[in-house]
Amino acid sequence: MKKLIYLCLIILMAGACGQSYEETKRLSRLERQRQMREDSAALKIAVMPTLDCLPMLVARQYNLYDSLGADIRLKFYSAHIDCDTALLNDRVEGTVTDLVRAERMMMKGKKLIYCTATDAYWQLVSNRNSRVKDLKQMDDKMMAMTRYSVTDMLGDYAIDSVKLDGERVYRVQINDVRVRLQMLHNNEMDAMLLTEPQASEALAAKHKLLLDSRKLGLKMGAVVFRDIIKGDSARERQYDVFVKAYNMACDSINKYGVARYGDLVTKYCQVKASTVDSIKNYRFSHVAQPREKDIETARKWLKKKLK
C-alpha cells in the first residue's frame, strides 16, 4: 500500500514539474515576444567604440532618453560595415558613420536622411618600427583601412599627394577598429587610418603621425537615419528626443571635458585611462547638417572610385 502511495506521489510530482516546465516555456515565449515588440518600437542606433559616439553614450548612461520620454536604444558594433548591414537590413533606424559610407548606401538605393555632422577626424599613423616618417616612404608598405569609407578616401589622398604608385601601397581591409589598433601595437601593419580615441592611443605609444584630416579642412563624420521619420508621429517624437538629448550631452562633455566621462570611453572603446586624459581639445557640436562641400567631396570620390 505504501509503495502505491509513493508511486502516486511521484506521478503527481512529475506531472506538476511537467506543467511547470511547459508554463515556463510559455512565459518565456511571451516575454521574448514582448521584448521583440518593444525593441521594434524603439528607436535603435548603431554605435561604434569611437569618440564621436560619446554624446549618445552619455545620454544613455544618464537616462536622458528615458527622462525625456522616448525609448531609444544603442546597438553596439566594432566595425562600420556591421553598422551598415544593420541599417540596410532595417535592424536599426540610425547609425554613426561617415559621409563616404552614407553616400555609398544611398547610391545602392537606401533612403537615408542626415541627422547631423559629427566632429570625428581621422589620422594616418605609421608604425614606429616601420621607419616610415613621411608619406613618401609608404612605398611597398601595408596600410590598414576599410573600403568605400573615409579611410579609403584619405588613403587615396595620401598616396596621390606624394605621387606614389597606388599599386605599391598595399591597402589591407581591417574593419574592426580595435583589432586595427592592436595590429599596430603588434607590428603587424606598417600604417593605418584611425579616429579617436584609437588615434591618441597610437600616438601615445610613439607611433608616427603622417596625415590629419582636420588639416585638409574635411568634416566627414555623420549620424544618419533611415527615411522613416516624417509622417510617423511616434518616430518624430523619438527623433526630437534624440536631438535634444544629443545636444544636452554635448553641452555636458564640452563643459566638463572628455576625461570626466573617461569610464565610459575606456569601457566601450577599450583604451587606457591615460589616453582619455590626453584628449583635451575635442569639442562636440550641436546637431547640424553636414556641409554640402563635404558631401560633394564624398560623392566625387565615390564616382571616381566606382568607375
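The legends below accompany close-up views of salt bridges and of backbone features in a predicted model. Residues are numbered from 1 along each chain as its sequence is written, and side-chain values use heavy atoms, with hydrogens and water left out. Because the model is predicted, local features need pLDDT of at least 70 and side-chain atom pairs count only at pLDDT 80 or more, while totals for chains, interfaces and linings use all residues.

**View 1. A salt bridge between Arg299 and Glu103.** The two side chains meet at 2.9 Å, N to O, in a salt bridge (a side-chain nitrogen of Lys or Arg within 4 Å of a carboxyl oxygen of Asp or Glu). The pair links distant parts of the chain, with Arg299 in helix H12 (residues 292-305) and Glu103 in helix H5 (residues 99-107), 196 residues apart; helices (H or I, at least four residues) and strands (E, at least two) are DSSP runs, numbered from the N terminus. Arg299 is partly exposed at 28% relative accessible area, whereas Glu103 is buried at 5%, where buried means under 20% relative accessible area, exposed over 50% and partly exposed in between (1.4 Å probe, protein chains only).

**View 2. A salt bridge between Arg171 and Asp156.** The closest N and O atoms of this pair are 2.1 Å apart. Arg171 belongs to strand E7 (residues 169-173) and Asp156 to helix H6 (residues 150-161), the two being 15 residues apart. Arg171 is partly exposed, with 29% relative accessibility, and Asp156 is buried, with 14%.

**View 3. A cis peptide bond between Glu196 and Pro197.** The omega angle of this bond is about 5°, and Pro197 is found in the loop between strand E8 (191-195) and helix H8 (198-204). Most peptide bonds are trans.

**View 4. Positive phi values at Lys163 and Lys206.** Lys163, in the loop between H6 and E7, has a phi near 60° and is exposed at 75% relative accessibility. Lys206, in the loop between H8 and strand E9 (208-212), has a phi near 75° and is exposed at 64% relative accessibility. Most residues other than glycine have a negative phi.
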